[in-house]
Amino acid sequence: VTDGDSAILDERTLVGRVEMLLDRRRYDQAERLVADGLHTHPDSVRLLYFSAFIDWVRDRNQAAQSTLGRILAQDPGHYGAQVMLGQIHRESNRLADAEQVWIALLRDFPEDADLYGHYGSLMLGALNIDKARRLAGEGLRHDPEHAHCLFVAAACDLIDGRQLGDNERLAELLRAHPEHIRTGLMLVAALEDRGQDRQAMRVAQQLLRSQPDSPELVDMVRQFRLKTHWTMLLLYPLQRWGWTASVAMWAAVVFGLTALTPQLPKGASGAIVLGWLGYCLYSWIWPSILRRIV
Amino acid sequence: VAEPPHDIDELLRPSLSPETTGSAAIYSPNALFLTAFFGGPFALIGIAALNASRLGRLRQDSGYLIAGILLTIGFVTIMYQPGFEWHMAGLSEAAGARTLSRALALLLALAAYLLHRRFYRSMAIVGLDAPSPWAAAIGCCLLGIGALAAAIILVRL
């Protein structure tokens, strides 16, 4: 397809060609074709939708949102445009606006598991775990193997302490959608939660091999390389048990020191406090230095 | 796993306020403990209230926050009343009051952590970073130290 061809193509043919290019992730070519097509068919909702989609995948959210506004002005009930708008609101941290979009869509399509997955995922990010669980459950009632709803439900179960062995949703996700990126991400989270960082890194590396252009996956593998670096060994308790370890260490040092100071030799409690503060500084500063090095 | 149907109207009731922007991530336990350590019990209650507010649970957590305030006022009333026998505990007044105040603040920090533990776990699993605590922690420390000083002055009047 050359750029000049688009002028003589009818809308349907043009849409077909753009879909084919998008399927192959040839966004540059698709973008040129859509731009030319919009000169000939400026009000084509399909072409406007593709234009918004390309802007969105290229992280030009403002341009995408402006195009979605044009689509929804012509066709207020356009499903794809509303779904994309909800996702853009969420990515732009306008959580309440995203919630309004999902609620409006679910009122129109109350049996759509995709929408329950999106809304549940939003609630998960807003730390409203109970609602996320109920939304995922409702989605699974309509589609028991829906990947996004299983992902949200498995995450909720993981948050409430159901790990790999006894997390039924995660088992179902692994069984029904082993190829799905969300499955891999959830497996990584579950392994990390169990302190199996090296195994989690291997899964993350596999995911990166399947999607080498994903900046999120690159960042995830990098994070695991940092966590498993030998200089982080001293921080193992904090990495393994997270904030619980941090709380326990604070309590042990502060209360232990208060109780033991009278029995300790002169100067020992001062040395312990200095050592502890040094450890705290190490735990705060070293990971960010290492991030720049690795 | 079979799912029972949910009340769809209840499920589709908005739960985020229009002002909600950014993530609902809350200040980390380290921020809680440092605020408690340097700012005392009122400062800790302040930062715990900010966390509750970020989670949209201020009303649900208000009972715990009020209990923390009452506990601190009770502590100040008992410990700082004129003639309290500090030497009975083998401590000077200044050192004893400071140590106990800090211990109370750290215990309250532990309680605040436990109150929001599920959300800390969620942040770890969902991959949300805690917000920068500096402005909130310094503000709470200043207000907390001021409130504690005011309470001590009132008790000693």
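**Entry 1: the interface of chains A and B**

I looked up Arg134(A) and found its side chain in a salt bridge with that of Glu10(B), at 2.7 Å from N to O; the term requires a side-chain nitrogen of Lys or Arg within 4 Å of a carboxyl oxygen of Asp or Glu. The model is predicted, so I note that local features need pLDDT of at least 70 and side-chain atom pairs pLDDT 80 or more, while totals for chains, interfaces and linings use all residues. Side-chain values use heavy atoms without hydrogens or water, residues are numbered from 1 along each chain as its sequence is written, and chains are lettered from A in the order in which they are written.

Across the interface of chain A and chain B I recorded four salt bridges. I also recorded nine residue pairs in polar contact, with both residues at pLDDT 80 or more. A polar contact is a pair of N or O atoms within 3.5 Å; within protein, one must be able to donate a hydrogen and the other to accept it, and residues adjacent in sequence count only if both atoms are side-chain atoms.

Which helix gives the most to the side of chain A that touches chain B? I found that α8(A) does, with ten residues. Helices are DSSP runs of H or I with at least four residues, and strands are runs of E with at least two, numbered from the N terminus. That side of chain A divides into 23 nonpolar, nine polar and twelve charged residues. Here Ala, Val, Leu, Ile, Met, Phe, Trp, Tyr, Cys and Pro count as nonpolar, Asp, Glu, Lys and Arg as charged, and the others, Gly among them, as polar.

In total, 44 residues of chain A are in contact (heavy atoms within 4.5 Å) with 46 residues of chain B.

**Entry 2: chain B**

I counted six helices and zero strands in chain B. Of its 157 residues, 43% are buried, that is, under 20% relative accessible area, with exposed over 50% and partly exposed in between (1.4 Å probe, protein chains only).

**Entry 3: Glu91(A)**

I located Glu91(A) in helix α5 (residues 79-91) of chain A. Is Glu91(A) exposed or only partly exposed? Glu91(A) counts as partly exposed because its relative accessibility is 45%. Leaving aside neighbours within four places in sequence, I found Glu91(A) in contact with Trp56(A) and Asn61(A). The side chains of Glu91(A) and Asn61(A) are joined by a polar contact of 3.4 Å. Asp59(A) is 32 residues from Glu91(A) in sequence, and their C-alpha atoms are 9.7 Å apart.
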